[in-house]
Structure formats: structure tokens, C-alpha cells
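Hello,

I'm passing a structure over to you, and I hope you enjoy looking through it. Please have it open while you read, as my notes follow below.

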Amino acid sequence: MHAPAAVEVALAQARQALGSARRLLVLCGAGLSAASGVPTFRGPDGLWRQWRPEELATQAAFDHAPEEVWAWYRWRLEVVLAARPNLGHRALVRLAERRESVVLSQNVDGLLEEVWEEAGLDPARLAALHGSLRRAHCERCAVARPMSELPTDALPRCACGGRLRPSVVWFGESLQPRHLHLLAEEPACCDLGLAVGTSALVWPAAGALEILRRRSRPVIVLNPDPAAALPGDLHVALGAEDGLVRLLEGMEVRA
Ligand SMILES: [Zn+2]
């Protein structure tokens, strides 16, 4: 546990790094939505009925028990629709308004997208790497549908007859090609990394920060857990909401 003074020093260093950054790469994870009451849906806390998330979020589970998989996603959707974006989401949007940046999110709750859209920011600068709980698409023709428009009492089907599935990246699946391209190309264009509420252990997303570190670019890690940061990182031992709000305090608006 850092002493409060250490947090203040780390914050000052992080603000300074932000102040001189030309282009920022942000990687965010479940910790960003924790203050909104969205659980991680991972590990023991992610248990649903008798299932573990790893058993439900797969193509094989959808093929063998589609009703169970749909019921789980319906439940998760209800959880995120009842949640509101927190001050951390809003601070991240303010940061993106002030700094040239790209945000790579590992969250599927759509909360950051909500405030991003409200602010009128370019959707191309926010990549939901793992998809969204709020959308479904047809397995056969790929047509996309908002989850809110789908019937809740039956397995939804597309007009073409194909099955609709949640538009999230399941275990064992690859990210979308455009996201893989972003992860490979963006770190070379950015001179500062910011990891928020993520242990940055999940590849290939974690690889984006690795590229920055190999290029000796600073990486700010906002996380109460010191294990989320590597030696050489600028570790700020605060949660995502508090950390982002504090990070932006006093930051000048760049014209
Ligand atoms: Zn279809």
C-alpha cells in the first residue's frame, strides 16, 4: 500500500507525462466500470447458476446450450442497462477531448461508449476490443441488431433464418481484424500509454503497452494493485474513477 504522499508524487509525475504527450494510447478494463457497479463477470464472482463465465462465453456453449447462454447474456445486459457511467468514464472522455488519443477498451458494457457518443467524439478513436453486450449479430449473414429490439422469450433469429448471437468476443475467438490492426499499428504512433482498471494481462490487448515499453515510452498505470504495473511504469495506486478524476485535476485545456 502506498503512503498518500507517494500517490501524490506519482500523480504529479503522471500529469507531467500527460502534459508533454503528443498522442496517447489508453487501455481500459473492468476496473473502469467497477464504480458503476458492473461486476467483472470473471473468476468466482462471475458465477451464474452453476456456470463459470469460461464455460458460457464460448461458441461450443452456444452450440450445446443456446438457451443458457442467452439467459446469461440477458442477465448481464440487465445489469449494465441499470448501471450509469461514472466520473471515471466522464474524465476519460474529457481527456480524449483535450488530447490526441486512441482508447482501447476491454469492457463490453457500453458505458464509455455512452458518454463518448454524448460528447460527440469520433467513434473511430474508441475501440471496444471485446465487443458489446448491447448488440447481437447473425451468425450467417452478420447483420447487426440492438439487443433491446430482440424478443426475450425465445432464441432470436435473423430474417435470413440464421441464429443471432451476442456481439462479444468469446473465449477462443480472435478480435476483429480492424482491432488487431489498431493494436499492431497504434502503439508506434503514440508516445504515452495509460492503463486504467486493467491488469493488462489479457493478450493481445496487453501487447499494445508492451510495444510502448519496448520503445521506452512512459506507461501510466492507474490501479490500486501494484502487480498491475511493471518496473519502469508510472504506477498510481488509485482506483480508476478516483485516479482519472485526480489525474485531470488542473490539466490545462490545449487549444
Ligand atoms: Zn442473417
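Domain 1 and domain 2 bury about 670 Å² between them, with 53% of that on carbon and sulfur atoms. On the domain 1 side, Val108, Asp109 and His130 lose the most area to domain 2, together making up 54% of what that side buries. Please keep in mind that this is a predicted model.

Where they meet, eight residues of domain 1 are in contact with nine residues of domain 2.

Now for the polar side of that interface. The count between the two domains is one salt bridge, and three residue pairs are found in polar contact across the interface. By class, the domain 1 side that touches domain 2 has three nonpolar, three polar and two charged residues. A salt bridge to look up is glutamate 114 with arginine 134, whose closest N and O atoms are 3.3 Å apart.

Finally, the aromatic rings. Three aromatic pairs turn up in the whole structure. One of them joins phenylalanine 62 and tryptophan 170: the ring centres are 5.4 Å apart and the planes stand at 55°, so the pair counts as tilted. This pair links distant parts of the chain, 108 residues apart. Phenylalanine 62 sits in helix H4 (residues 59–64), and tryptophan 170 in the loop between strand E6 (164–168) and helix H8 (177–189).

Definitions and conventions: Residues numbered from 1 in each chain as written. Predicted model: local features only at pLDDT ≥ 70, side-chain atom pairs only at ≥ 80, totals over all residues. Heavy atoms only, no water. Contact = heavy atoms within 4.5 Å. Buried area = accessible area lost by both parts, 1.4 Å probe. Salt bridge = Lys/Arg side-chain N within 4 Å of Asp/Glu carboxyl O. Polar contact = N/O pair within 3.5 Å; in protein donor to acceptor, adjacent residues only side chain to side chain. Nonpolar A, V, L, I, M, F, W, Y, C, P; charged D, E, K, R; others polar. Phe/Tyr/Trp six-rings, centres within 6.5 Å; stacked < 30°, edge-to-face > 60°. Helix = DSSP H or I, 4+ residues; strand = E, 2+ residues; numbered from the N terminus.
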